[in-house]
Amino acid sequence: MKTFFGSTFVEEELLRDARIDYPIKLQYYKIMNEEETLEGKSKFGIYMVKKEYRKEGTKVEEGEVKEVTDDEKEIEEILKYLKRGQVMPVELEVIVNEYMEINHHFWKNKTKSLQNTRN
């Protein structure tokens, strides 16, 4: 099941720097794998759409990363990060993977640090 999370237009300055003369809209969606839900476990993913509003017509590109996390709050944080960074479909999987590696490494080390201060 897909749930709309949010959308944004790529900033004009970025478009100008890339010599793009048409607007680009990015839409982000939270995916919930319903098959996993039936088994008592939800897996969340991300789906996105990029729309280029060119003179000759609208060009659409899509991207998807399945089974990112079991934590709904975490997937929403990732979606906020992607939207704020105006991440495109072509970059989606790499950015999500890097985000997960960095954040899981950070929390793993933070937990160790807290445990060491208690001992």
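How many of the 119 residues of the protein chain count as buried, as a percentage? The figure is 32%, where buried means under 20% relative accessible area, exposed means over 50%, and partly exposed lies in between (1.4 Å probe, protein chains only).

Before you click around, a quick note: this is a predicted model, where local features need pLDDT of at least 70 and side-chain atom pairs count only at pLDDT 80 or more, while totals for chains, interfaces and linings use all residues. Residues are numbered from 1 along each chain as its sequence is written, and side-chain values use heavy atoms, with hydrogens and water left out.

**Stop 1: the whole chain**

Switch to a cartoon view. You'll find 4 helices and 4 strands in the protein chain; these are DSSP runs numbered from the N terminus, with helices being H or I of at least four residues and strands being E of at least two. Trace the chain along its sequence and the pattern reads β-α-β-α-β-β-α-α.

The protein chain exposes about 8,400 Å², with carbon and sulfur atoms supplying 48% of that; accessible areas come from the Shrake-Rupley method with a 1.4 Å probe, and for residues only the protein chains shown count as cover. As for contacts (heavy atoms within 4.5 Å), take those in the protein chain with a separation of 6 or more: 54% of them are between residues 24 or more positions apart.

**Stop 2**

Time for some charges. Side chains of opposite charge can pair when their charged atoms come close. A salt bridge here is a side-chain nitrogen of Lys or Arg within 4 Å of a carboxyl oxygen of Asp or Glu, and the count comes to 8 salt bridges.

Select Lys30 and Glu72: their side chains meet in a salt bridge, 2.5 Å from N to O. This pair links distant parts of the chain, since Lys30 sits in strand β2 (residues 24-32) and Glu72 in helix α3 (residues 72-84), 42 residues apart. Lys30 is buried at 11% relative accessible area, whereas Glu72 is partly exposed at 37%.

**Stop 3: along helix α3**

Stay on helix α3 and pick Lys80 and Glu77. Their closest N and O atoms are 3.2 Å apart, and they form a salt bridge. The two residues are 3 apart in the helix, so about one helical turn separates them. Lys80 is partly exposed, at 40% relative accessibility, and Glu77 is partly exposed at 40% too.

Next, select Lys50, Glu52, Arg54, Glu56 and Glu61 together: salt bridges that share partners join them into one network.

**Stop 4: inside the network**

Zoom in on Lys50 and Glu52. They form a salt bridge with their closest N and O atoms 2.9 Å apart. Lys50 is buried, at 11% relative accessibility, and Glu52 is buried at 6%.

**Stop 5**

Last up, the backbone. Most residues other than glycine have a negative phi. Which value does phi take at Arg19? It is positive, about 60°, although Arg19 is not a glycine. You'll find Arg19 in the loop between α1 (12-17) and β2.

Then jump to Gln86, which is not a glycine either and has a positive phi near 50°. Look for Gln86 in the loop between α3 and α4 (92-118). Is each of these residues buried or exposed? Arg19 is exposed, with a relative accessible area of 80%, while Gln86 is buried at 11%.
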